[in-house]
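Hello,

Here is the structure for you to look over. My notes come after it.

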Amino acid sequence: MQALIFDVDGTLADTEEAHRAAFNHAFATEGMDWHWDVAHYTRLLQVAGGKERILHHWRSVQPDLTDLDGQGVQQTVDRLHARKTAAYEEAVQDGAVRLRPGVHALVDAAAQAGLRLAIATTTTPANVAALLRHAWGHDWRQRFDVIEDADTAPRKKPHPQVYRQALARLGLAPAAALAFEDSANGLRAALAAGLATVVTPNAYTAHHGFEGALRVLPDLSTVRLADLARWTAPQTA
Ligand code: XBP
Ligand code: MG
């Protein structure tokens, strides 16, 4: 095992409540009469990607939404999402989100042991930077060799693009890396890229199916590097 590849939202940190509040803030300030409560957002999280999620909701509340030729709808989706991202970044910078238990220690232990660290997320680079800067300080970028995000990998989970690109940039075969996820979409994306995957569900994803996961754990607080090496070691006959 030469690298650990981390999903961001729900895995590194329980961010979805802050995302949900930012979406609702954007809708209110842009005059859309939408409000996503926890139950609705839990369902909407089946759609990876904030822009895709807004469009999915808009189509569900306004089925005759047809002028997808780009201008009206896409422009509005982009504007809503930009407003949401700004609100989310501000919330993270103000400390609204903390890393999940065990994450900081495991990432630092992996770096100390010479493993390479990567990010594979469907969120925006601005959101990744806000969270990682808050957690690892201004030189957070030194900690992670490779970052694949919504900009570099536009095809969202469960499509494996973000993981395939992370492996390509690491120059590693899937067997040399381990993925960490929180959701069924994320697990499917990692498995499709050939990656063994440790899943740490959260309140938004506890009801998902995690068939094929290497381990499903409440969090990473009890996980040591030696455990990961043991779990991924080739099975002796
Ligand atoms: C989870 C997502 C993201 C976030 C919202 O990403 O699907 O869409 O919910 O962030 P991850 P954006 O792959 O890290 O679990 O609005 O920037 O998409
Ligand atoms: Mg996630």
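This is a predicted model: local features need pLDDT of at least 70, side-chain atom pairs count only at pLDDT 80 or more; totals for chains, interfaces and linings use all residues.

Residues are numbered from 1 along each chain as written, chains are lettered from A and ligands numbered from 1 in written order, and side-chain values use heavy atoms, without hydrogens or water.

Ligand 1 is surrounded by 21 residues (a heavy atom within 4 Å). Asp7, Gly50, His81, Thr121 and Thr123 are the closest. By class, the shell has seven charged, nine polar and five nonpolar residues (charged: Asp, Glu, Lys, Arg; nonpolar: Ala, Val, Leu, Ile, Met, Phe, Trp, Tyr, Cys, Pro; polar: the others, including Gly).

The side chain of Thr121 has an N or O atom at 2.6 Å. For Thr122, a polar side-chain atom lies at 2.8 Å. Gly49 uses a backbone N or O atom, at 3.1 Å.

Helices (DSSP H or I, at least four residues) and strands (E, at least two) are numbered from the N terminus. α1 (16-29), α3 (50-61) and α4 (72-93) each give two or more residues to the shell. α1 gives the largest share, three residues. Domain 1 (3-15 + 98-232) and domain 2 (16-93) each supply at least three; the bounds come from an automatic or database assignment.

Lastly, the Lys157 to Pro158 peptide bond is cis, with omega near 10°. Pro158 sits in the loop between β3 (146-148) and α7 (161-170).

Best wishes

Notes:
A polar contact is a pair of N or O atoms within 3.5 Å; within protein, one must be able to donate a hydrogen and the other to accept it, and residues adjacent in sequence count only if both atoms are side-chain atoms.
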